[in-house]
Amino acid sequence: MHLGSLGRCVPTQWMTREFDAWTSDLKSICGHFNPTRYDGSNVVRGGAALSHAAGVELAQVSNDLDYIRRDPDDIRADQGDNLFLLLQLEGSCGVEQSGRQEQLHPGECILVDSTRPSIFYFGGSFSNHLSVHLPRQMLLSDRAVRISVTRKIKADDPMSIMLGALVAKMMSTSSDDNRAPHLRELLFNTTRQAFSFDPGEELFVRGDSGTGRLEVVQVLIDENLTEDYLTPQWLASRVGVSLRTLQEDLSSQGMTVTGMIKLKRLRLARARLERLRGAHHPGAIADVAYSVGFNDISYFNRSFRKLFDCSPKDVVMA
């Protein structure tokens, strides 16, 4: 990645923030995370700030903490549904997720899943990275390309260079610019290709525990989200447990299997509707509803409004 294209994100001097204020900023931007101070210091060098790049949310996170955790309780608290594309600008950051560990250095990038527990290690050393918030279901719903998370791309890899240059271009493009939708689509496609699954690697870590099974279930739902055969019984059979055991695993997350499938389908529907903003095709909303697995448009509209507090039409016309 050519850091010169992102030079505006590397100031000559960093300010300090009180630990509680820094933590509040991070949670308001990225969701529930638990930072831990290094040597008990009550100040953090750096900050957490939100901006937009051609209509995509982008967080700049800089700190000299010990580590930051995202646990199952945090995931349940905000139900975040993003893939975080991390572009390391300064210092280093250790990333642990799904049994994998990577160490990011300047110019390197990695993809992190907000729906899985994770730990970011700093050890008191300064780190500065960009976190591009990508719609998780939108990226994972393309079955032609399977995405692998928590696998870093090195600084000299052409895909890393391309992602950095593309994010830099998007940062100078407003969301109402005619080029913005095309840049977003290019970012989604580039990310899919950059982190495409290598058949020789494990897509996820299997486990006999409830937590391990939930990770397998998440992947299976994501990969088959728009298929008619996606049912609780089908999932239980694929995971190799009884339907009752699977329901008990999901109940620990405060959700049923059917509820999780419905939630993911609604989020995918919203992401697809956002791509149709400004479209005047009268059947666009129905087409999206059918495409994500809803056969009853009235039920889809009610469910959508209950989850997002707005109608599908509100999203298209925004």
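**Cavity, pocket and helix contacts**

Biologist: What volume does the largest cavity have?

Modeller: A cavity is a set of points on a 1 Å grid over the protein atoms alone where a 1.4 Å probe fits but cannot get out. Volume is the space filled by probe spheres set on the points, joined across faces, edges and corners. For the largest cavity, that is about 140 Å³.

Biologist: How many cavities of 30 Å³ or more are there?

Modeller: This is a predicted model, where local features need pLDDT of at least 70 and side-chain atom pairs pLDDT 80 or more, while totals for chains, interfaces and linings use all residues. Residues are numbered from 1 along each chain as its sequence is written, and side-chain values use heavy atoms, without hydrogens or water. The count of cavities of 30 Å³ or more is one.

Biologist: Which elements give two or more residues to the lining of the largest cavity?

Modeller: Lining residues have an atom within 4 Å of a point. Here they are Leu26, Cys30, Phe33, Val61, Ile68, Phe84, Leu86, Phe120, Phe122, His129 and Ser131. By class, nine are nonpolar (Ala, Val, Leu, Ile, Met, Phe, Trp, Tyr, Cys, Pro), two polar (the others, Gly among them) and none charged (Asp, Glu, Lys, Arg). The elements, as DSSP runs (helices H or I of at least four residues, strands E of at least two) numbered from the N terminus, are helix H1 (19-30), strand E7 (82-91) and strand E12 (127-135).

Biologist: Which element gives the largest share of the lining of the largest pocket?

Modeller: A pocket is an open set with protein on both sides within 12 Å along at least five of seven lines. The largest one has a volume of about 1000 Å³. Its lining has 33 residues, with Asn82, His133, Leu134, Pro135 and Glu274 nearest the centre. Five lining residues, the largest share, come from H9.

Biologist: How do H4 and H5 pack, roughly parallel or roughly antiparallel?

Modeller: Axes are lines fitted to C-alpha atoms over the stretch in contact, and angles run from 0 to 180 degrees between N-to-C directions. H4 (158-171) and H5 (180-194) meet at about 160°, with axes 10 Å apart. Over 145 degrees counts as roughly antiparallel, so H4 and H5 are roughly antiparallel.

Biologist: Which residues of H11 make the contact with H10?

Modeller: H10 (284-291) and H11 (297-308) pack at about 90°, axes 10 Å apart. That makes them roughly perpendicular (65 to 115 degrees). Contact means heavy atoms within 4.5 Å. H10 gives Ile285, Ala286, Ala289 and Tyr290, and H11 gives Ile297, Phe300 and Asn301.

Conventions. Parallel < 35°, antiparallel > 145°, perpendicular 65-115°, else oblique.
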